[in-house]
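Hi everyone, thanks for coming. I'd like to walk you through one model today, so let's bring it up on the screen.

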Amino acid sequence: MKTIAVLGTGMAGLGAAHALEGRDVQCVVYDKNPYYGGHTASFVQPNGFLFDVGPHVSFTKDERIQALFAGNVCQKYEILPARLNNYWHGYWITHPAQCNLYGLPTDLVVNIIRDFVEVHAQEPTEIHNYAEWLLAAYGRTFAETFPVVYGLKYHTTTPDNMATEWLGPRMYRPSLEEVLRGALAPEPITEIHYVTGFRYPSYGGFVSFVKPVAERADVRLCHKMVALDTSKRTLRFANGAVHDYDQVVSSVPLPDLIPCIEDVPADVLEAAGRLAYTTVVMVNLGIDRPDLSTSHISYFYDEDVIFPRLSFPHKLSPHNVPDGMGSIQAELYFSKKYRPLTCAPETLIPRVVSDLHKVGILRESDSVVFQEARVAKYANVIYDLERAEALATVHGFLDEVGIHYCGRYGNWDHAWTDQSFASGERAAEAALCAI
Ligand SMILES: Cc1cc2nc3c(=O)[nH]c(=O)nc-3n(C[C@H](O)[C@H](O)[C@H](O)COP(=O)(O)OP(=O)(O)OC[C@H]3O[C@@H](n4cnc5c(N)ncnc54)[C@H](O)[C@@H]3O)c2cc1C
């Protein structure tokens, strides 16, 4: 029987394994970690607090994937109407901010509306970068008060250094009527956001949505691929093992994959080195009180608040915390290229706790009963102005040598979990065809 090797057990690798189940081929799935799930792995602490590696909810509209995930948890999942809010200088407003200005200082709202009307009266011009897109979509005051500040915290680079092809539905462009209605009336406008509701497993964290796929597959953990020879069709692993393959599907992040390939041309190696990405430090906290927030996710626009985003895992499933407790996951972003992480991740915990007090989420009487800082080296692809050209070089080479790449870090995009899973399925089908 021919062998298809799959590198990675995240959504993409498990998507590939799922597609190859019951097919006339041997599928072996390798991962460097001692656990499966990649960026969507979930960890339960001995004291009962559960945190996913990154904050994850499923908002896919793909009914096939909805049904697959639901079946994998035996229909035991929470259906939650998305509650998202924003914090700016002591004000809390509903998400997205551009449609929910009600309650902000009058001068700010007047300036936002004036600029919004002005840019919408202008003839559309050619957009060269994200900074120009923000000005054209929202006008100067809103752009500079909200997404420019948030974006620097989240993407680690300035919007004039970013392209726009990642935007998709992520940044909503409201009509004038929506801006006015949201500024004048207290009722929040929520239904226009691309996420209006989500699903989350009742038990075991987000990874439960794919657990049966991993358990049925031939998964080899603690197998870090360190060398890939496309002419001999062999994979060498850090633990000394060497395995043959007929076709290979890889979800390994491109900057790590390319240096492992034997005889990789210098220009491809150089291009892979130019691909920028953020690294996220997740500060996970267990608190002795559940009523920490009315939202599932909160966005923070102030420069002097260290986290751009918070989520509250105990609000996704009551089984994510011990009875009567609450939990917070703060995300802090760094990047090798633009804002290197230069301190030990744990040293960021006191600053997060202090800023939680500053924004009023934690009270003096609260106790932090659990704390940890966890790092995910690859978080978001940075769509800087170098990405498109460098990526074309890297993908061109992988196509030439017959490596089937997939997932957020193989395709090098902003795929959500369902899209990463489906890209793994597609890469597996391509590998089957190539056998
Ligand atoms: C902070 C954050 C929040 C997010 N929230 C959501 C959300 O709410 N909903 C949603 O749908 N999506 C969300 N996403 C997107 C989602 O995380 C991704 O789409 C998905 O997890 C990517 O899966 P993947 O398999 O492509 O990558 P990964 O999960 O990173 O899998 C890659 C795998 O390859 C393995 N690997 C790497 N190098 C090697 C090697 N040399 N040898 C062997 N194995 C190796 C890794 O250990 C890993 O298991 C979020 C992303 C981030 C960063």
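Let me start with a question: in what order do the seven strands of the open sheet come? Before I answer, please keep in mind that this is a predicted model. Reading across the sheet, the order is S7-S6-S15-S16-S17-S14-S18, and the pairing is mixed.

Now look at the two edges. Strand S7, residues 91–94, stands at one of them and strand S18, residues 368–376, at the other; each has a single partner strand, so one side of each is left without a neighbour in the sheet. If you ignore direction, neighbouring strands here are turned by 20° against each other on average.

Let's zoom in on one pair. Strand S15 (297–300) and strand S16 (309–311) run antiparallel, and three bridges join them. Within that pair, you can find Ser298 opposite Leu310 of S16.

Something also packs on this sheet, namely helix H11, residues 349–358. H11 touches strand S14 (279–287), strand S17 (326–334) and S18, and its direction makes about 120° with that of S18.

Let's move to the ligand. Which residues come nearest to it? There are 37 residues around the ligand, and the nearest are Gly8, Gly10, Gly38, Gly407 and Thr417.

The largest share, three residues, comes from H1.

That's my tour, and I'm happy to take questions!

Methods:
Residues are numbered from 1 along each chain as its sequence is written. This is a predicted model: local features need pLDDT of at least 70, side-chain atom pairs count only at pLDDT 80 or more; totals for chains, interfaces and linings use all residues. A residue is near a molecule or strand if its C-beta atom, placed from the backbone, lies within 6 Å of it. Helices (H or I, at least four residues) and strands (E, at least two) are DSSP runs, numbered from the N terminus. Two strands pair if DSSP finds at least two bridges between them. Axes are lines fitted to C-alpha atoms, for helices over the stretch in contact, and angles run from 0 to 180 degrees between N-to-C directions. Two residues are in contact if their C-beta atoms, placed from the backbone, lie within 7 Å.
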